[in-house]
Amino acid sequence: MVLWFGVLLPGFWCCPCLACTVSGNFGENRCLPLCDIFSPAITASCGIPLCVPPAGLAMRVAIRHRYNIKGSLCKDICVSCFCEWCSWCQMHRELKQRGQNSTAIVNVPPARGM
């Protein structure tokens with residue numbers, strides 16, 4: 001039940017909100033998934049057809065590589081193209097299971113004057 005109310009319902013009603021949350025939790029810019037909304041229109045206006053959401057695919061591959069999850073680029077492309085909503089829900093679940101719900105901030109001390 002927790003999965004249904006915690007991930008699937010918010011993902012279904014507002015997939016861009018879930019995508020932005022996942023992106024932020026992974027340490028990327030929260031607005032990165034919005035590229036998936038605008039990129040097809042921009043590339044189509046230039047005459048280049050685009051059916052693969054670039055940000056969703058890149059995040060999926062990065063998560064798979066970081067956590068050594070079995071899979072292939074071909075499978076990632078298929079899931080990203082045909083069920084992007086499912087892809088973002090899977091990524092959210094993986095990050096939640098691995099405890100990556102916070103971003104590490106590293107403070108670098110200022111350089112000393114000469």
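Tutor: A definition to begin with: a nonpolar core is a set of buried Ala, Val, Leu, Ile, Met, Phe, Trp, Tyr and Cys residues joined through side-chain atoms within 4.5 Å, where buried means under 20% relative accessible area, exposed over 50% and partly exposed in between (1.4 Å probe, protein chains only). This is a predicted model, in which local features need pLDDT of at least 70 and side-chain atom pairs count only at pLDDT 80 or more, while totals for chains, interfaces and linings use all residues. Residues are numbered from 1 along each chain as its sequence is written, and side-chain values use heavy atoms, with hydrogens and water left out.

Student: OK, which residues form the largest nonpolar core?

Tutor: The largest nonpolar core has twelve residues, namely C15, L18, A19, V22, F26, M59, I63, Y67, W88, C89, M91 and L95. At least two residues of this core come from each of helix 2 (15–25), helix 4 (54–66) and helix 6 (84–97), helices being DSSP runs of H or I with at least four residues, numbered from the N terminus.

Student: And how many residues of helix 2 are buried?

Tutor: Eight of the eleven residues of helix 2 are buried, so the helix is mostly covered; among them are C20, S23, G24 and N25. Just after helix 2, G27 takes a positive phi of about 100 degrees.

Student: At what angle do helix 4 and helix 6 cross?

Tutor: Their axes, which are lines fitted to C-alpha atoms over the stretch in contact, with angles from 0 to 180 degrees between N-to-C directions, come within 10 Å and cross at roughly 30 degrees. The contact (heavy atoms within 4.5 Å) is made by G56, M59, R60 and I63 of helix 4 together with S87, W88, Q90, M91, E94 and L95 of helix 6.

Student: Switching topic, which cysteines does the disulfide join?

Tutor: The structure holds one disulfide, a pair of cysteine sulfur atoms within 2.5 Å, and it joins C83 to C86 with an S to S distance of 2.3 Å. The torsion about the S-S bond of C83 and C86 is about 50 degrees, so this disulfide is right-handed.

Student: Is C83 buried or partly exposed?

Tutor: C83 counts as partly exposed because its relative accessibility is 26%, and C86 is also partly exposed, at 28%.

Student: What about C20, where is its nearest cysteine sulfur?

Tutor: C20 is in no disulfide, and the nearest cysteine sulfur, that of C31, is 6.0 Å away. C20 counts as buried because its relative accessibility is 17%.
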